[in-house]
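Hello,

Here is the structure I promised to pass on to you. Please have a look at it, and then read on for my notes.

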Amino acid sequence: MPYIPHTPEDTQSMLERIHQAPNIEALFDEINPDLRQKAFEHLPDGLNEMDLLQHAEALANKNKNTVCFIGAGSYEHHIPAAVWDIASRGEFLTSYTPYQAEASQGTLQLLYEFQTMIAELTGMDVANASMYDGATALAEAVLMAIRMNRTHKTRRVLVPETLHPLYRATLETILQHQDVTLLTLPMDTTQGITNLEALNAYEHDEITALIIAQPNFFGGLEPVDALSDWAHAHQAISIACVNPISLGLLKPPGNWGTHGVDIACGEGQPLGAPMASGGPYVGFFSTKKVHVRQMPGRLIGRTTDEDGKPGYTLTLQAREQHIRRAKATSNICTNQGLLTTTATIHMSLLGPEGLARVAQHCHENTHKLATELAKIPGVSLVFNAPFFHEVLLQLPISAQKIVRTLAQQGFAGGYLVEPHYPNLPNTLLVCATECRTDTEIRAFANALQHILAAENQTQTQTPLMETPS
Amino acid sequence: MSLNLIFEKSIPGRQAAAQAPKPNAQAVTHIPEHLLRKTPPRWPACSELQVVRHFTQLSQKNFGIDTHFYPLGSCSMKYNPRGVHRAASQANFTRCHPLAPSETIQGTLEILHTLQNYLAEITGMAGVSLTPMAGAQGEFSGVAMIKAYHQARGDVGRDEMLIPDAAHGTNPASAVACGFKSIEIPTAKDGDIDLNALRERLGPKTAGIMLTNPSTLGLFMRQIKEIAAMVHEAGGLLYYDGANLNAILGKVRPGDMGFDVMHLNLHKTFATPHGGGGPGSGPVAVSNRLLPFLPQPTVLKTSDGHYRFAEHQDAPQSIGRLSAFMGNAGILLRAYFYICVLGKQGLTRVSEFATLNANYLLAELQRVGYTAAYPKRRASHEFLITLAPEKKQYDIQAMDIAKRLLDYGFHAPTTYFPLLVPECLLIEPTETECKEELDKFISAMARILNEAKTNPDMLKNAPHTRPIKRLDEVKAAKNMDFNYFLSTVATP
Amino acid sequence: MKFTSTHEWVNTSETPVVIGITHHAQSLLGDLVFIELPELGKEVKTGDELGVIESVKAASDFYAPIRGTVIAINEAVKANPELVNNDAEGAGWLLKIQASHPDDLEALLDATQYEKIIAEEH
C-alpha cells in the first residue's frame, strides 16, 4: 500500500486498544449504512513509482517544446538551479503555515526578508507575505481601497482599458457581489497608453480607486506621475499593478508623482516560478505604513523572545479570517508559501545588479524583436509610445492562422489580442525576455516572413531556415 | 551581524555572477528619463555560496513532515511523495506558457481533463472546475455559484448563508465576500448541529448552508440526511467544505450525502506539498444543476480527442474566472499523479488507516489521562482533547502542552480551533504514520501530563530547546516591524 | 454605573455620558494592541458598531449603548491600549456620547444584572 506503513500485526494490535473495534470497518459504524458508497469504478489501479514516472514521461512528451515569444502576464526567465534545490528541501517543502513560531523560524525569517525585498522593489513601506497571484492581488487591492474610502456612498473604480484583460475579468468575478462599478478609462489609440484627458469626465465625481498598470498589457509605459497625482488630488486610492522585473529599470510606484501610490501589487512569477501552464504563481502586495491594518493576507513582524533574542512571528492576525471570521479583511488562508520561498532565494541570487541586467536585457531583446519583425513587409508596430519587454504587432492577415503555423514550426509566437479588443484585429502581442538569443529572434523573424510570403505568393517557396531545437 | 538577516550579509560589489546576464554594453535607450529608476532596491549583494548557505541554514530551523510528526488537525499533514513531485517537475510541464496554443500542451491538458473526471467520481458530483487556487477561493466560487443559481431562477430574496459556529473562519469570510449575511447555527453539547436552531433559521431567505462532514470537531454529522432534506425543502443548497475529506475517501461521497457543491483541498487530502503556507489548490465539484455556473476555464475534450481550455461561449453562465490563468496547474499535476499511485484501492485505504490511527491515538491518550472532548463518539480522521480540567487543576493551558511538544520533537497539534471547545487540541495523525511514531507521541504526551502535575513551569516556559523561546506577540503587534530597512527597533 | 449585555459600561453620573468596555471584557481579550475609535460628531443609534478593540488573539467590536452623538474620544488609549487592560473602568474610558434620548439610560443594566450575565457565561 503506497505510503501506508501498517502491517497486519500493527493493525491487529491497534484495534485491540480501541473500544468495540473488531476490524477497521467497525470504526465507521457512525456512518449511516445507506450513505456508504460502492467501490470506485472509473479510477485506475495503483502504480509503483517506476511505472508512475514512465507514465508521467509519456504524458510530458505529448507537450511540444516551443521557443517562447509570449508574455501577457507570464514570463520565461532563467531560474538559478539553487532556487528550487533549496526550496525543495523537506524543511521548506513539507512545513505548513508558521502558526507555531518556535518551530518555523526558518520560514518566518524568510518571509520577513521577502516582505523587505518587495517593499524595496516597489518603493513602499510594508509588504505582506503573498497573495495567490497578480490578478487576485489586484482584486484585494480594490477591496482594500473600498475599506479605506468607506465613507464613500458609491464604489466606483477607474480601470484603464490598457489593463491585462484577464486581470479585468478576474476583478469582475471577485468584485461582482460588492456593489462595485468598474469604469473603463479609454486609451489613446495611437500611443497605446491611457488617455489622460479621459480623466476630465470624472473631475467632480466620487472615485474610490484608480488602477495604474505599468507596463500596461501592451508593454506600453503609462504617464504614471500624472495618473498618481490625479488620484491623490481626487481622494481616490491609487493602485499600481506592476511587473517586478521591470522595476529593475523603471521608477517604483512608491516614487510616482508627488506622493507615490497608496497600494502596489502585481505578479511575482518572474521571480523564480516557472511558467508551468499558469501556476502556482505568487502575488505581491505592498502599501504605506499608515494603511497596514487594512492590508489583507499574512504579515510577519519582528519581535523578541523571553530572553531578548530577536524572532519573527505572524502578527496583526486579528484582521484575518481565522479570528475575525465574517469581518475579516479577506477570506485568504493558505497563500503561496513555497513560491514566496523561491522568490526570496531568487531575488537574493539576482541582487540589485542582476535585476538591473535582466531588466535591461529583456528591454533590449524586445526592441530587437520589434525591429526585426517590423522590417517584414506587412508587419508594423501598432502603438508608438515607449514600451518595455512587450509590444503589439499589426499583421496583414489573420493572426490566429499565423500563430497556428508558427506553433507547427516550434514557436509559441505570441498572444492573440483581438478576442479582448475587437478594435485591434489581426494583432499579436509578442515578448522577448533575456532568455531569447539573437539566433532565436532571427529564426522567428524568418519564419514569420516566410509564412506571410507564402500567403501572398504562389511561386515555389524558398527553403526555411532551420529552427533551433 | 546579530540578526543573521540576508541584508546584513550584503556587501556592495558582491554578486552571484553566474546568475545574471552579461553586463549591458550601452546605456538604457527608448525609455524617457523621468520613468527610469534612480536608485536600485536594497536587495542583498552576496555571493552564490553566501545565499545558498543562508537559506539552507534557515531551513534547518523549521519542522516539516519530512523531519517531524506533524499532527495538525484539519491540515492532513501526510507524506508528500517525492516521486509525485518529480513527475510533476519535468521540464516539459514546467516550461509551458499558460497561453500557449493548445496543440502544444496536449499532455498537460490531458492530465487536467482526466483529473476533472477523477475528482468528479471521488466526490460523487457531476462536474469539476480546477481553477480555485486554495480552499478559500473554492468556497468563494461555491457560494457565488449558489447565488448565481438562485438569481437565474429569479429567486433574488435569498441573502442568508447558514454556517455552524464551529466552522472554519474562511466559511463566513467567503459568504460575506459574496454579499451574503452569515447566520450562525449553534452546535449542541453532543457535538452535532442543533437541529431545532437550524429549523428556526431556515426560511425563504436561506440561500444555503455551509457544512463539513466530519465536522471541524472531528465528528461525523450523523443527521446529515435530515439536514440535507430540511435545507433543500426550504429551497436552499448545501455546500461541503472538503477540508476533512481524508476521513471518508472511498467510504461516503459528498454528492451522496446530498451536497450540491463542494471544494476539495488538494494540499490536504491529495498530499501536495504545504510549502510553508501554500500553494494549495481548491477545485470545486458540483451537481448537475450548478454545472453552468462553474468558474472557468475548465478543460474540454473535443470529439476528435483534442483537449482545449473552454472559452466564454462554451460557458456563458459561468461565474467567471478566479485568476489570470487556470489556477495552480503544477499542484493539479501533483494531485493527478498521487491518484495514479494510489489507484482506486489505495484511495479507499487512506480513510481506513487515517481513521485507525486517529482512534488508536484517542484511546491511548485517554488511557494516559487526557480528556476527550466527545468521549462517547468515534474519532474520524481527527479528534479533540480538552485541557480544561488541567487548566483548573494545574493552571496550564493547551498552548503550554503544544509548546512543550516541540521540545519532545513533535510539531504541535492545532490549538484553539474550533473555538467551541475550551483549551482544545485538534489531533490528526494521517494514514502515513506508523505505530511506533504514534507510540512515541503518546509516551511524550504522558510525560508532559506528568510534568503538568510535578513541574508546571517546564510547560509554561516551553519550548526550551528551540532556537528561540516564546515570542512577545504583543510587542510584535505594537512594533509593527515588517521591513528591515524601516525598523526602528534597536538590534541587540 | 450602568452596563450592557455586550460588555460596555456607561457612566451616567456625567454629562455627556462616558463609555468604555468592562474589566471582564478586557480580561477575555488579553493584552490589547490597538483600539479603533469612532469619529467625533458621529451620530449613532443603540446597537451601532462604534469601534474595534484588538488584542493579539481577538478583535472585538463594541457597540453604542444609547442614541446620541460622539462628543469626545480618549486619545490616551489610542497611544496606549494597555490603559484599557489596567483600568478599563477608569482611565481606560473610550468615548463620550451626548445622549439624544435620555430615556435610553433607563434601559441599561445595573451592576447586579450585569454580574448575572457574566455568571451565566461560565
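**Where the two chains touch**

In this predicted model, 173 residues of chain B are in contact with 165 residues of chain A. On the chain B side, the largest share comes from helix H11 (residues 329-367) of chain B, with 23 residues. Sorted by class, that side of chain B has 88 nonpolar residues, 52 polar ones and 33 charged ones.

**The domains of chain B**

Chain B is divided into domain 1 (6-59), domain 2 (83-341) and domain 3 (350-474). Taken over C-alpha atoms, the centres of domain 1 of chain B and domain 2 of chain B are separated by 42 Å.

**A strand to look at in chain A**

Do have a look at strand S8 (residues 237-242) of chain A, which is mostly covered, with six of its six residues buried. Which residues point which way? Ile237(A), Ile239(A) and Cys241(A) point one way from S8(A), while Ser238(A), Ala240(A) and Val242(A) point the other way, and all are buried. In a regular strand, side chains alternate between the two faces of the sheet.

S8(A) also has strands paired with it. Strand S7 (residues 209-214) of chain A runs parallel to S8(A) and is joined to it by six bridges; here Leu210(A) has Ser238(A) as its bridge partner. Together with helix H8 (residues 224-233) of chain A, S7(A) and S8(A) make a right-handed β-α-β unit. Four bridges join S8(A) to strand S9 (residues 263-267) of chain A, again in parallel, and there Cys241(A) stands opposite Cys265(A).

Best wishes

Conventions
Residues are numbered from 1 along each chain as its sequence is written. Chains are lettered from A and ligands numbered from 1 in the order in which they are written. This is a predicted model: local features need pLDDT of at least 70, side-chain atom pairs count only at pLDDT 80 or more; totals for chains, interfaces and linings use all residues. Two residues are in contact if their C-beta atoms, placed from the backbone, lie within 7 Å. Helices (H or I, at least four residues) and strands (E, at least two) are DSSP runs, numbered from the N terminus. Ala, Val, Leu, Ile, Met, Phe, Trp, Tyr, Cys and Pro count as nonpolar, Asp, Glu, Lys and Arg as charged, and the others, Gly among them, as polar. Domain bounds come from an automatic or database domain assignment. A residue is buried if 20 or more other C-beta atoms lie within 10 Å of its own, exposed if 12 or fewer, and partly exposed in between; C-beta atoms are placed from the backbone. Two strands pair if DSSP finds at least two bridges between them. A crossover is right-handed if, with the strands pointing away from the viewer, the path from the first strand over the helix to the second runs clockwise.
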